[in-house]
Protein chains: 2
Amino acid sequence: MEQQSLNRAGLKQCIIDGGLKATHQRIVIFEALEALHGHHPTAEDVFQLLKPANPSISLGTVYKTLDSFVEAALIRRVLSEEGGKRYDANTVSHSHIYCSNTKEIIDYEDAELEQLLQDFFSKRNVENFEIKSFAVQLTGNKVEPDKQISIKPVN
Amino acid sequence: MEQQSLNRAGLKQCIIDGGLKATHQRIVIFEALEALHGHHPTAEDVFQLLKPANPSISLGTVYKTLDSFVEAALIRRVLSEEGGKRYDANTVSHSHIYCSNTKEIIDYEDAELEQLLQDFFSKRNVENFEIKSFAVQLTGNKVEPDKQISIKPVN
DNA sequence: ATCCTAAATAAGAATTTTTCTTCACTGAGA
DNA sequence: TCTCAGTGAAGAAAAATTCTTATTTAGGAT
């Protein structure tokens, strides 16, 4: 409980620093995003997580708040093949792997890769564009050791 | 006209090779996708392009067909921050630049970058994943020389 | 060439996702 | 404390996507 309070003060400051009023709704929404770290939630996901403890919160507010946060660069939109809007409180430059089987989006952090691209784009000049960020999008299939098909021999 | 007929035969074969029945609707949808090369259209975009010449085509068919094409790997879904489903008939590995001002998605083809990543991922082993493809997503702002603000001095 | 059948389509209803509108309310500075 | 621009709730509205059903069609078999 006390740690949550501490976090809340921090979150509040973040929101203010982003140039937004630090309302209760915004604070709990930000909190939910941090709780869902690595899950790349939709507005609906955040809403569902919040509802039990905040029965009066409105889905419209969640949508609007998430977009305000993105505009204030407090969070990011996550690129999606599936067509929904997804958000990520992790603003540190990182990449994602999209699993075409499970439709999951998984964080992929690779310092070496980051450096490689950093170097590349510091030299490379992209015509007519002021590049602000880059990330690698990997597509693949999860190889789950536990989901291996194993036919147990009779006897 | 004759070239279109030629293309149609080719497209038809593509569709069959993808394991799908080559219906008229599928052929004209594929044709529309090629015409919209580099535009990363939505289902609605394709529908609007097709409707004048194919008044009986149904939007639902366009949605379903595009998904069938993706499943058959004839086309790709384009990653989007905006949350809509976008498609691309260009299956050659390439990257995209997202312009946060105009919300446009622009193709970025860079052989050197492709090679760099190819090399990187041929060595790098991503745990629990069988990587099938990769692409760089750039975010930035278009610098349009013609859109410069210039205040003409009085007199 | 004709027939047959599984697959595909049109049409529109239904569902899901997102945005918008209105009005009441509240955070934070004067 | 007072004020007010910004914010929230609620739900209507709009946009995007999927589903249902009866009808039609492609392509293989006859």
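A polar contact is a pair of N or O atoms within 3.5 Å; within protein, one must be able to donate a hydrogen and the other to accept it, and residues adjacent in sequence count only if both atoms are side-chain atoms. On those terms, a polar side-chain atom of Q25(B) lies 2.7 Å from a sugar or linking oxygen of DNA strand C. The model is predicted, with pLDDT of at least 70 required for local features and 80 or more for side-chain atom pairs, while totals for chains, interfaces and linings use all residues. Residues are numbered from 1 along each chain as its sequence is written, chains are lettered from A and ligands numbered from 1 in the order in which they are written, and side-chain values use heavy atoms, with hydrogens and water left out.

**DNA strand C**
- Around DNA strand C there are 17 residues, of which Y63(A), K85(A), T23(B), Q25(B) and T61(B) are the closest; a residue is near a strand if one of its heavy atoms lies within 4 Å of it.
- Sugar or phosphate makes up 78% of the atoms of DNA strand C within 4 Å of the protein, and bases make up the rest.
- Phosphate oxygens of DNA strand C lie 2.8 Å from an N or O atom in the side chain of K85(A) and 2.7 Å from a polar side-chain atom of T23(B).

**DNA strand D**
- A phosphate oxygen of DNA strand D is 2.7 Å from a side-chain N or O atom of T61(A), and one is 2.9 Å from a polar side-chain atom of Y63(B).
- A base nitrogen of DNA strand D, by contrast, is 3.4 Å from an N or O atom in the side chain of K21(B).
- The largest share of the surface near DNA strand D, three residues, is supplied by α4(B).

**Contacts of L117(B)**
- Neighbours within four places in sequence aside, L117(B) is in contact (heavy atoms within 4.5 Å) with L113(A), L117(A), V136(A), F134(B) and V136(B).

Notes:
Helices (H or I, at least four residues) and strands (E, at least two) are DSSP runs, numbered from the N terminus.
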